[in-house]
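The sequence and structure come first.

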Amino acid sequence: MPTSEPAITPELVAAHGLKPDEYERILKLIGREPSFTELGIFSAMWNEHCSYKSSKIWLKTLPTSGPRVIQGPGENAGVVDIGDGEAVVFKMESHNHPSFIEPYQGAATGVGGILRDVFTMGARPVAALNALRFGSPEHPRTRHLVSGVVAGVGGYGNSFGVPTVGGLVGFHSRYDGNILVNAMAVGLAKADGIFYAKATGVGLPVVYLGSKTGRDGIHGATMASAEFDESSEEKRPTVQVGDPFAEKLLLEACLELMASGAVVAIQDMGAAGLTCSAVEMGAKGDLGIRLDLENVPTREEGMTAYEMMLSESQERMLMVLHPEKEDVARAIFTKWGLDFAVVGHTTDDLRFKVYLNGELKADLPIKELGDEAPEYDRPWTETPRQQQVAVANVDAPCDTREALLTLMGSAELSSRRWVWEQYDHIILGDTVQKPGGDAAVIRVEGGRKGLAFTADVTPRYCEADPFEGGKQAVAEAWRNLTAVGATPLAVTDNLNFGNPERPEIMGQLVGCIKGIGEACRALDFPVVSGNVSLYNETQGRAILPTPTIGAVGLLDDVAKSATLAFKREGEAVLLIGDSKGWLGRSCWLWLVAGREEGAPPPVDLAAEKRNGDFVRSMISAGVATAVHDVSDGGLLVAVAEMALAGRIGARLDGAHPGAPAHGYFFGEDQGRYLVTVPEDRAGMVIDAASAAGVTATRIGTTGGDRLIPGDEAPILLNELRESHEGWFPRYMAGPAIDAAPAD
Amino acid sequence: MNAAVLVFPGSNRERDVVRALKAGSGQEPKLVWHAETELPAGTDLVVLPGGFSYGDYLRCGAIAARAPIMDAVRAHAARGGLVLGICNGFQILVEAGLLPGILTRNANLRFICHLQHLKVERADTAFTRAYQPGQTIEVCVAHGEGNYFADAETLARLEGDGRVAFRYCDAEGNVGGDANRNGSLNDIAGIYSEKLNVLGMMPHPENLIDAAVGGTDGAKLFAGLAQAA
């Protein structure tokens, strides 16, 4: 090896994010000191982001199979059969660390990465969603981050040409130092036309496609596997720059190439770029890979092997091609103006050999690079149980009217129109339900069949009780899909936590995964793809545990999908599910009473399933005229959202005599839906519910221009709308904040 | 009707407009790659679809306006052939000199996507014959640079010659005010060429052709074109 490469010192090893015992493991594995390039390769393969070393043993406990599952976790994205020879391909992935450092590019490349995961499988992307978590609105940096992230998400998706149909935005001071950007993409493919990373055949060309390789993003995955400290700002150069135009060309070229029959295996170059993609293709296929790096298209002079192997330049793909189709493939890529270069070939020696100008830079056992990555059973402590908050012990600081206006105009529950109007949610002409409802609905290629999507989680529940919070995240995603009439199919999970080396954080991760597993099993809702983002922590302060659940459901006929808007005056408003007035960890307790405390509402999964199946059957029978799940903010917030969407008010019965109004109107008991039905069907529906073992209660009647909560002061819809729609634009139009962060 | 839909690198609504043309005319339009130099024989209508041609990294539409196929489009227009540019297509037509004025950043400096009402200024052109004059229709917009600008003289000429095709309005048909969200001069959403055979518009009629997906007001533009050609 040339002497210009740095000597391998303990400091250099540490700078690569490798612990001393992990370095020992490397020495034992290869029987010698690694070269600089090899050290870089190990750091790329063995960091938390790529190896899942802290979470793997727990992820294995999740249910991942089902009658419709074609491909579960382990590939670029999950694949689920939707009938008629068609399959839905989807995954959610985080881009948290880069988005905090450089919000526009961080978010944009997050979207780009997940779109690439989906079309790598042979699917054309048809929808995108995102789940964004920002710090407190009062934090000096928040507005800048919201503005940049939203523009970045939109900038990439809009140009690429995929409708961004749903998602969520949340604020909490625990994200002040670590925001979350979780991006989900969904694609459609032929069920028998899925492409995988597994290479087959010796001596086949390994081909590099797409954009050129630069020095951007080197060590991005390593950065995403460490906490932030004061110097994180200096990591800006590790954030990649996205080019949605190149990605659009790559999409079209890849789909054209796949249709030509030239592709044996394909893997996108995402985190840790060329290293991860090449190793994965070889290891999965029990093959070796030889790379000759002088053939890699670069956009900078004099790049070293180390730099090329670790670059995270975007919009690149690696493929193994049938040699006789090489010319066809080259012609397709030339037409789309993209680079096409044979950079290596498959071998039978199970080695990962990297050459630059004939000089051997790395020679490693390819299977062990992945298989022998460290795997930890990290110590964890159970999160202490929280006391229940008894509704009788909580005094309401204001009346129902004021509480509702406060909640509807809060950072947490106000309208997200300012956000989703920056996303093209209409392109492709199949968006049946746009952002703003319980779940987004699209048609499958202009036909009758539809798909519903949602992304959800309630971090304040997960913080208080990771197990119940994990369950609730799944249950709520399932409920969102049910509320539009879809049959829930499967889940992608994006687990965002703090430093797993701290037992209490590891306890949150373990608790949430257990809860997710329990709910997924009970609801026949397998996990088919996912991503783990750990070390979301700054100076010892971790984010709220945030296991975002992305979910997909199927509709036989989009014309039957339900929406949350009240449709007509004089219809009966029914509440499905049981209410105990659970205020612990509710939005009301947090935002109206100013208390973040108590146990979160438990989820009864049997009742969840019963209630949901009943609601879905009413939608499918065409009886339900409007449907909305009851979640953040409770019953009255849900009614208000239905009223605003339909521009029709409602008169509601009050709480039972003796029961506090704030528990009834703002409690966050789980497994509940609001459904409207024509007046003359109300009795029949309540009887049918009873027969199905489901509680259905008539709670009011639609009509008028206001909400009338029992015998309390009415709230005009206009007033409510102003409060609900006003927060976001007002906040974003606020005074400019000095670009230099205060801390 | 023989329609040709141009595809530039970065076009992304070509499939949407193909679907709308097919629904309106019953005929499958031809996709024409930007590097071609001729339109298919017998082309009646050329459509420049929405998207981000060449990434729109220079001025929107500036590079596409110089693509090899554009000479053929100019010749087609000069012969009186129909040309429709939607969104990025409108930006390309302006850059190509087929329509006057320019499209600049939206007044709020953000990309905006929402349903949008338009007033149909005249219903005697090949594009609007299926509408009523003065009719209010609902389509959608999705753009970052749709803010129409032209100098006073050009605007006066457009207005005087009846070359404004659509204006932004509210549901009741009141033009301008809050209904003009991108800041376009004279609330202009679309304009014609002198001979009324070239139309450029920012909104997307091709995405409002189906009751299941927001509405059908856009469908009449394509149905009208099918009758005209």
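The model is predicted. In chain B, the buried residues of helix α3(B) are B:N88, B:G89, B:F90, B:Q91, B:I92, B:L93, B:V94 and B:E95. Eight of the eight residues of this helix (residues 88–95) are therefore buried, and α3(B) is largely enclosed by the rest of the structure.

**Contact between chains A and B**

- Chain A contributes 26 residues to the contact, and chain B contributes 21 residues.
- On the side of chain A that touches chain B, at least two residues come from each of α8 (142–160), α10 (244–259) and β14 (431–433).
- That side of chain A consists of ten nonpolar, ten polar and six charged residues.

**Packing of α7(A) and α10(A)**

- Helix α10(A) also packs with helix α7 (residues 103–120) of chain A, at an angle of about 5° and with the axes 11 Å apart.
- Angles under 35 degrees count as roughly parallel, so α7(A) is roughly parallel to α10(A).
- From α7(A), the contact is made by A:G112, A:L115, A:R116 and A:F119.
- From α10(A), the contact is made by A:P244, A:E247, A:L251, A:C254 and A:L255.
- The residues in this helix contact comprise six nonpolar, one polar and two charged.

Methods: Residues are numbered from 1 along each chain as its sequence is written. Chains are lettered from A and ligands numbered from 1 in the order in which they are written. This is a predicted model: local features need pLDDT of at least 70, side-chain atom pairs count only at pLDDT 80 or more; totals for chains, interfaces and linings use all residues. A residue is buried if 20 or more other C-beta atoms lie within 10 Å of its own, exposed if 12 or fewer, and partly exposed in between; C-beta atoms are placed from the backbone. Helices (H or I, at least four residues) and strands (E, at least two) are DSSP runs, numbered from the N terminus. Two residues are in contact if their C-beta atoms, placed from the backbone, lie within 7 Å. Ala, Val, Leu, Ile, Met, Phe, Trp, Tyr, Cys and Pro count as nonpolar, Asp, Glu, Lys and Arg as charged, and the others, Gly among them, as polar. Axes are lines fitted to C-alpha atoms, for helices over the stretch in contact, and angles run from 0 to 180 degrees between N-to-C directions. Angles under 35 degrees count as roughly parallel, over 145 as roughly antiparallel, 65 to 115 as roughly perpendicular and the rest as oblique.
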